[in-house]
Amino acid sequence: MSFRSILNDMKGFEVKLGHSFRSRSQRVVQDNLVVIDALKQSCWANMPPELLREVLMRIEKSEGIWPPRRHVVACAGVCRSWRDIMKEIVKTPEVSAKLTFPISLKQPGSRDTLIQCYIKRHRGSQTYYLFLALSSASYDDGKFLLAARKCRRPTCTDYIISLNPEYVSKGSSTYIGKLRSNFLGTKFTIYDTQPSNAGASMTRSRSTKLVGSKQVSPRIPAGNYPVGHISYELNVLGSRGPRRMQCSMDTIPASAIEPGGLAPTQTEFVINSVDSFPSISFFRSKSIRVDNSRSEIVPAQKEGILVMRNKAPRWHEQLQCWCLNFNGRVTVASVKNFQLVASLEDGSEHDSVILQFGKVGKDVFTMDYQYPISAFQAFAICLSSFDTKIACE
């Protein structure tokens, strides 16, 4: 059997799975029985594990980019043995610089290169969509990653972040976190629905009080874990110039930017209901238990955390504007544009850009990030730039 025929069989299995792969990889469990029945009637049923592993390794290697990489996700959803093998084969974005499974969005980016993405803003619905850039020449054919919806409240603004582009709500099983601002839009907190490390503490909020009620799906985790804080410097005198911002990542140590430094890496999605996705073990871990006796807890790790500041632009006399070198990734001048670098203990700045964000069209913005932050964290930081900041302009 040739490798091409093997790949064609994989595509056949993907067709049997149907809409579940096109909507969200976690839903593959719904059609597992169909695929297993097909396997029992094919030559794959009695294939030796060593040969199966070799086949899956070739598929993973050959399907390196999207959309063909969806076949890798399809293989992981066939059955438990295939899934276990794919878990070992597929590397994290830190090593591979590839986004494969949904959990990849919660894992730190590549150490060697910026992962290129872009954000599309829909003004009418106040929603934002994050895509993985598949071509540098087009912003219409990207791979969807995350969606966010802006929710105004009397004293703050929330940006609800979801894996589902069509249903962005806290009541959805695809809800993975949020960004919350203060009244002035100068201070923001990034909340994750699950802890980045064992020592993370949870902040009690309205959403945690609703657990068990009809307003919140029993599938979603019951916690709000602060993983980052963003602050914009007030422009009291109204002087001209770019915004000044600082990001403190509560769960990432400052040493993560050094050679050999490590950042927390989530390996599983937490799901409250044990029966929600019974056949996908790499999407499940122990549920979060809510301690209602604690009103608000400051993150456990405060000393030695990663602090990022926006890179200072230079004034261009000929153009009469502030300039930063985005290496061609930003084409439109905007007060929203920024580059974040690590702030060192001596007050100096690290050379490498960890996150850059800038405008390329009326409602299109590029977002490039790398280790030690994740796509989820980078997206949340960029969302803060969209919020109105009267006191900072």
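Visitor: Is Phe183 buried or exposed?
Guide: Phe183 is exposed, at a relative accessible area of 67%; exposed means over 50%, buried under 20%, and partly exposed in between (1.4 Å probe, protein chains only). This is a predicted model, where local features need pLDDT of at least 70 and side-chain atom pairs pLDDT 80 or more, while totals for chains, interfaces and linings use all residues. Numbering runs from 1 along each chain as its sequence is written, and side-chain values use heavy atoms, leaving out hydrogens and water.

Visitor: Where does Phe183 lie?
Guide: In the loop between β5 (175-181) and β6 (187-192); strands are DSSP runs of E, at least two residues, and helices are runs of H or I, at least four, numbered from the N terminus.

Visitor: OK, now the inside. Which residues touch the most other members of the largest nonpolar core?
Guide: Leu355, Met367, Tyr369, Phe379 and Ile381, out of 70 residues. Such a core is a set of buried Ala, Val, Leu, Ile, Met, Phe, Trp, Tyr and Cys residues joined through side-chain atoms within 4.5 Å.

Visitor: Which helix gives the largest share of this core?
Guide: Helix α9 (residues 375-386), with nine residues.

Visitor: And what is Phe379 in contact with, beyond four places in sequence?
Guide: Its partners include Ile119, Tyr128, Leu130 and Met367, where contact means heavy atoms within 4.5 Å.

Visitor: What's in the second core?
Guide: That separate core has 12 residues, among them Phe144, Cys151, Val168 and Val360.

Visitor: How much of the protein chain counts as buried?
Guide: 52% of its 393 residues.
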